[in-house]
Amino acid sequence: MMNVSCRLLCLALGGLMLLPSATAGAQSAAPSGRGLLLEEAIAMALERGPATRSATRTRDAARFRDASFNARLLPQLSVTGEAPTYSRAIVPVVQPDGSTRFVAQQQRQSSVGLQMAQRLPLTGGDLFISSGLTNVNVLGQQELRLWRSTPLQLGVRQQIFRLNTQAWDNKEQDVRADAAEQQFLEARESISQQTAALYFDLFAAQTALANALGNANVNDTLFTLNKGRYEVGRIGENDLLQSELAVLRSQNAVQSARLDEQRAAAALRLQLGYPSSAPLVLQVSNTVPEISVDTALAMREALQNAAQLRDADLQMIQQNRRVAEARRNTGFGATVSASVGFNQTAENFNEAYKSPLQSQQFAVGVEMPLVQWGARKAQIQAAVADRERVETDVRVLRERRALDARFAALELEQAGRQLITAAKADTVGAKRFEVTRNRYTIGRIDISNLYIAQVEKDQALEAYVRALRGYWDAYYRVRRLTLYDFERGARIR
């Protein structure tokens, strides 16, 4: 772990003790009577934050869709039926001598069936086993009641020289399910990055408020001192007015900082799902992880784990599918269907299942386009062109993703160096202001140098907080881009 200045933490916590009771009532200690650590805030956001709930529901929906897809690959059992239907019409009836006679007829029909069907993933065909029963009642002068049974029927339907849609569906679903899992992991890392940003937004606001309160106290003390000096003629009116102006400015700064602190606290509460009635106090650690990120490793992990590249793989599968569809589904094709089984018919139900007769069906349907006026060729060329466009986009996306990971790793190292420098500058700025204030108190320097030192101290403090925030932002950004934990040396799961 890399040590950074702890003066800022002491200043912020010390300044919070000076806040009015209304502000203090909006804050409190975290577990065990201490402040809330960054890792605790992130764990809280990942456990119960609204963003986490949204990401979890999105992942769960994707898992349920995947489970539904896989369930449809298993044998499907269904019951089919037709409620009693009634028809009354004049129908043609063939007579024994070969002539046709039109007679009025009333008919009532109902049926029920049970079928088990299975998709064949290797060929894309359909295999089914079924059983059914049909009842037909002919009403009128010549009433007739018939039962037709199909105790067992085994059939298959298979397309030839056509696309195997089931195989392509399986490929797409595998990638889609994997992408959903990676998106969930990236969403969690994004939540961590957002939480860290809001955490340090609040810390920056608390620090600014504590610093503003400290400046207000110092400026008020100096104004009291300068009034006494002015009365005895040791300083001019201009210095007294400058001191009074500094007091007024510091009071305005306190009011603005107080509002910023309340706004930042509300934003962090919303991110964490933190109760509005519970106090919120931060405890910022004075150490950060010392991580040396291998840029080659970061680029490799980003290319292997990025959800965006899983989506790109899905797009490539879909484009290859469209090319295959254009080539196979626009040319010669055939459909073969066959079934074997047993059936029987009788005038009463008990006889309908006695001594069933064997039944067979076989059919071949052929589709062969003769003249398409170049439509098939144009459709194939369009599909190929779209695939080449997607290939180009995917290649650029992969290169951009690798570069993002590389520069994120370099930015993390740079953020670590900048944090060390900013911590030193903050310590120096605070010490210089203290020395300058003491020298002004004994009358060794003028008031302009004092306020210059105060401004530089404030700027160094602000730069340190910004550097600390920037380090953690870079830390979680490289995790999100690579889905790799460089502290543990393992992929994020």
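Reader: Which helix gives the most to the lining of the largest pocket?
Author: H10 does, with ten residues. A helix here is a DSSP run of H or I with at least four residues, numbered from the N terminus. This is a predicted model, in which local features need pLDDT of at least 70 and side-chain atom pairs count only at pLDDT 80 or more, while totals for chains, interfaces and linings use all residues. Residues are numbered from 1 along each chain as its sequence is written, and side-chain values use heavy atoms, without hydrogens or water.

Reader: What is the volume of the largest pocket?
Author: The volume is about 580 Å³. A pocket is an open set of points on a 1 Å grid where a 1.4 Å probe fits, with protein on both sides within 12 Å along at least five of seven lines; lining residues have an atom within 4 Å of a point. Of the 25 lining residues, Asn211, Asn215, Asp458, Gln459 and Glu462 are the closest to the centre of the pocket. Helix H5 (165–231), helix H6 (237–272) and helix H10 (447–482) each supply at least two residues of the lining.

Reader: Why does Tyr199 count as buried?
Author: Buried means under 20% relative accessible area, exposed over 50%, and partly exposed in between (1.4 Å probe, protein chains only). Tyr199 has 0%, so Tyr199 is buried. Phe200, at 1%, is buried too.

Reader: What makes Tyr199 and Phe200 an aromatic pair, and of which kind?
Author: Rings of Phe, Tyr and Trp (its six-membered ring) pair if their centres lie within 6.5 Å; planes under 30 degrees apart are stacked, over 60 edge-to-face and the rest tilted. The count by this rule is ten aromatic pairs. Tyr199 and Phe200 have 5.3 Å between centres and 75 degrees between planes, which is edge-to-face.

Reader: Why is the pair of Phe349 and Tyr353 given its kind?
Author: The ring centres of Phe349 and Tyr353 are 6.0 Å apart and the planes are at 65 degrees, so this pair is edge-to-face. Phe349 is partly exposed at 39%, and Tyr353 is partly exposed at 37%.

Reader: How do you know that the charged end of Arg59 sits over the ring of Phe184?
Author: The rule asks for NZ of Lys or CZ of Arg within 6 Å of the ring centre and within 35 degrees of the ring normal. The charged end of Arg59 is 4.3 Å from the centre of the Phe184 ring and is counted as sitting over it. The charged end of Arg229 sits over the ring of Tyr440, at 5.0 Å from its centre.

Technical notes: Points joined across faces, edges and corners; volume = space filled by probe spheres on them.
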